[in-house]
Amino acid sequence: MSKERRAHPRFPLVLTVQYLDAEAVLDYTENLSATGLFVRTERAFAPGERTTLVVSFPQILEPVELTVEVVRARDGEQGLPGGVAVRI
């Protein structure tokens, strides 16, 4: 039996992510749900921190600005890339 604790299912989807405060940085989403997304990044964010992302799917989706709150951070260990889970 699965011990899934998430309230909403996650769907794998790769979108580009830029930041209003660091436009030269380009990251990507790993997945998204009805209330948030996971961003693969090497940037350091603390839980509770708020930031604005510019999310897009180049040539298909116009960029969308999202103000998000960091829920948790994942270190780039155990064979997984680092990143942050954010709530929209």
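Select E69 and R50 to begin: their side chains form a salt bridge, the closest N and O atoms being 3.9 Å apart. A salt bridge here is a side-chain nitrogen of Lys or Arg within 4 Å of a carboxyl oxygen of Asp or Glu. E69 lies in strand β6 and R50 in strand β5, 19 residues apart, and the pair links distant parts of the chain. Helices (H or I, at least four residues) and strands (E, at least two) are DSSP runs, numbered from the N terminus. E69 counts as partly exposed at 25% relative accessibility, whereas R50, at 53%, counts as exposed. Buried means under 20% relative accessible area, exposed over 50%, and partly exposed in between (1.4 Å probe, protein chains only).

The model is predicted: local features need pLDDT of at least 70, side-chain atom pairs count only at pLDDT 80 or more, and totals for chains, interfaces and linings use all residues. Residues are numbered from 1 along each chain as its sequence is written, and side-chain values use heavy atoms, with hydrogens and water left out.

Next, select E30 together with R40 and R74. The closest N and O atoms of E30 and R40 are 2.8 Å apart in a salt bridge. This pair joins strand β3 to strand β4 across 10 residues. R74 also meets E30 in a salt bridge (2.9 Å, N to O). Because R74 lies in strand β6 and E30 in strand β3, that pair ties together parts 44 residues apart in sequence. The whole structure holds 4 salt bridges.

Move to β2 (residues 16–19) and β3 (residues 22–32), which pair in the antiparallel sense over 3 bridges; strands pair if DSSP finds at least two bridges between them. A hairpin of 2 residues joins β2 to β3, and Y19 has A22 as its bridge partner in β3. β2 also pairs with β5 in the antiparallel sense, over 4 bridges, where T16 stands opposite S56.

Now select T41, in the loop between β4 (36–40) and β5. T41 is buried, with a relative accessible area of 7%. Contact means heavy atoms within 4.5 Å; not counting residues up to four places away in sequence, T41 touches Y19, D27, G82, G83 and V84.

Finish at I60, in the loop between β5 (50–57) and β6 (61–74). At 65% relative accessibility, I60 counts as exposed.
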